[in-house]
Amino acid sequence: MGVMINGTYDVNDPAPNTDASGAYERAKSTLRNWITTDGSYLPQAGRYHLFVAWNCPWAHRTLLARAVLNLTEAVSISIAKPRRTDQGWVFDTSGAYSDPELSAHAVHEVYARQTPGYTGRITVPVLWDKDTEQIVSNESADITRMLALAFDPARRLVPKAHEAEIDGWNTLIHSRINNGVYRAGFARSQEAYDSAVTDLFAALDEIEDHLKTRTTLVGDTLTEADLRLFPTLARFDVAYHYAFKCNLKKLSDYPNLWDYARALYTVPGIAKTVKPDIYKAGYFSPSELRNPLGIIPTGPHVNWTEPPDRTIPPL
Ligand SMILES: N[C@@H](CCC(=O)N[C@@H](CS)C(=O)NCC(=O)O)C(=O)O
């Protein structure tokens, strides 16, 4: 995996992703334009395209918003292969992992089209504007929010009255859970790992408690906050528990969280975005630090279709 410097892809990846204490640091997204109802990026059906990978949890949140808001026709997608190469995220020339929009061989080719030339990491998701042939955004939180606001005037995923509460959950979920599993899995010192795991499971315990008396995180209906939590839950038992050593408990050991996750799975559109075998293939890719031989474990088998006790009303 490489980086891009002034529009040219360099297969050598010089960027350190841990600080001096061995703690993982996530690079910041830099392409951050917005689709709004009154700006130059208007919410027009057919205008935008998403470059994603099924196994990427950050891409997953954008796919969830697209699915539950019924935008699968309005916003098209290209799906990169689950295992990255020295070219980073790559596509086949045909089939499910090809790129119908730009016929790119790798996601870095999409970034190479930026003016001025892009410098930085080559990440998914990427929201592409077919009109200007430029990237609108490579920040999943922004993409999810712009789908929720610009493409849904009713703001069902982010009701005005609950916006502050949703933002509060998003902050907690991002730092302690979504990125928390990465802080555990990518730690390069015992202290950094211990601290990440302790914080991750404390946050899961807090949410388990909250869900004892609530159907969802906010207001007992589906909101963006649920879509921000779900990708980590969907990968927890098949990937993070073992590949990232997040093993104090499994998701299925939490009665409320597990019931809530299965209830989310029943919301129309969500099940189609859940791909446990692809998560395994991606997270158990060959890695000198974590899985030198790239062997993919057989289990565990997680039963997402076991009926939940709670019901989440569809949007
Ligand atoms: N801030 C970005 C982060 C996305 C991200 O880290 N994606 C990972 C895949 S799960 C990636 O593409 N990593 C490639 C790299 O960092 O070189 C977002 O949330 O959109």
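Is Lys245 buried, exposed or partly exposed? Select Lys245 and you'll find that it is partly exposed, because 16 other C-beta atoms lie within 10 Å. Keep in mind as you click around that this is a predicted model.

**Stay at Lys245**

Lys245 is in the loop between α6 and α7 (255–265). Check its backbone too: phi is near 55 degrees, a positive value in a residue other than glycine.

**Jump to Asn70**

Next, select Asn70, in the loop between α1 and β4 (75–80). Asn70 also has a positive phi, near 60 degrees, and isn't a glycine. Asn70 counts as partly exposed because it has 13 C-beta neighbours inside 10 Å.

**Colour the domains**

Where they meet, 17 residues of domain 1 are in contact with 22 residues of domain 2. On the domain 1 side, α1 (57–68) and α3 (140–150) each supply at least two of the residues that touch domain 2. The biggest contributor to that side is α1, with seven residues. Sorted by class, the domain 1 side has eight nonpolar, six polar and three charged residues.

**Go into the core**

Select Val107, Val124 and Leu257: these have the most contacts inside the largest nonpolar core, a set of 86 residues. Helix α6 (residues 224–243) provides the largest share of this core, 11 residues. Both domains take part, with at least three core residues drawn from each of domain 1 (3–150) and domain 2 (160–272). In soluble globular proteins, nonpolar side chains tend to be buried together.

Zoom in on Leu257. Apart from neighbours within four places in sequence, Leu257 is in contact with Leu204, Ile207, Glu208, Leu211, Leu233 and Leu251.

Then pick Ala234, which lies in helix α6. Ala234 counts as buried because it has 25 C-beta neighbours inside 10 Å.

**Trace a sheet**

Which strands make up the open sheet, and in what order? Show three of them, β2-β1-β5 in that order, with antiparallel pairing. At the edges are β2 (8–10) and β5 (120–121); each has a single partner strand, so one side of each has no neighbour in the sheet. Between β1 (residues 3–5) and β2 there are three bridges, and the two strands run antiparallel. Select Met4 and look across to Tyr9 in β2, which stands opposite.

**Visit the ligand**

Show the ligand and what surrounds it: Met1, Ser29, Cys56, Trp58, Arg121, Ile122, Thr123, Val124, Pro125, Asn138, Glu139 and Ser140. Sorted by class, this shell has six nonpolar, four polar and two charged residues. You've met Val124 already, as one of the residues with the most contacts inside the core.

**Finish with two prolines**

Where is Pro116? Look in the loop between α2 (107–111) and β5. The peptide bond from Thr115 to Pro116 is cis, with omega near 0 degrees.

For the last stop, move to the segment after α8 (276–283) and select Pro300. Gly299 and Pro300 are joined by a cis peptide bond, with omega about -10 degrees.

Methods: Residues are numbered from 1 along each chain as its sequence is written. This is a predicted model: local features need pLDDT of at least 70, side-chain atom pairs count only at pLDDT 80 or more; totals for chains, interfaces and linings use all residues. A nonpolar core is a set of buried Ala, Val, Leu, Ile, Met, Phe, Trp, Tyr and Cys residues joined through C-beta atoms within 7 Å. A residue is buried if 20 or more other C-beta atoms lie within 10 Å of its own, exposed if 12 or fewer, and partly exposed in between; C-beta atoms are placed from the backbone. Helices (H or I, at least four residues) and strands (E, at least two) are DSSP runs, numbered from the N terminus. Domain bounds come from an automatic or database domain assignment. Two residues are in contact if their C-beta atoms, placed from the backbone, lie within 7 Å. Two strands pair if DSSP finds at least two bridges between them. A residue is near a molecule or strand if its C-beta atom, placed from the backbone, lies within 6 Å of it. Ala, Val, Leu, Ile, Met, Phe, Trp, Tyr, Cys and Pro count as nonpolar, Asp, Glu, Lys and Arg as charged, and the others, Gly among them, as polar.
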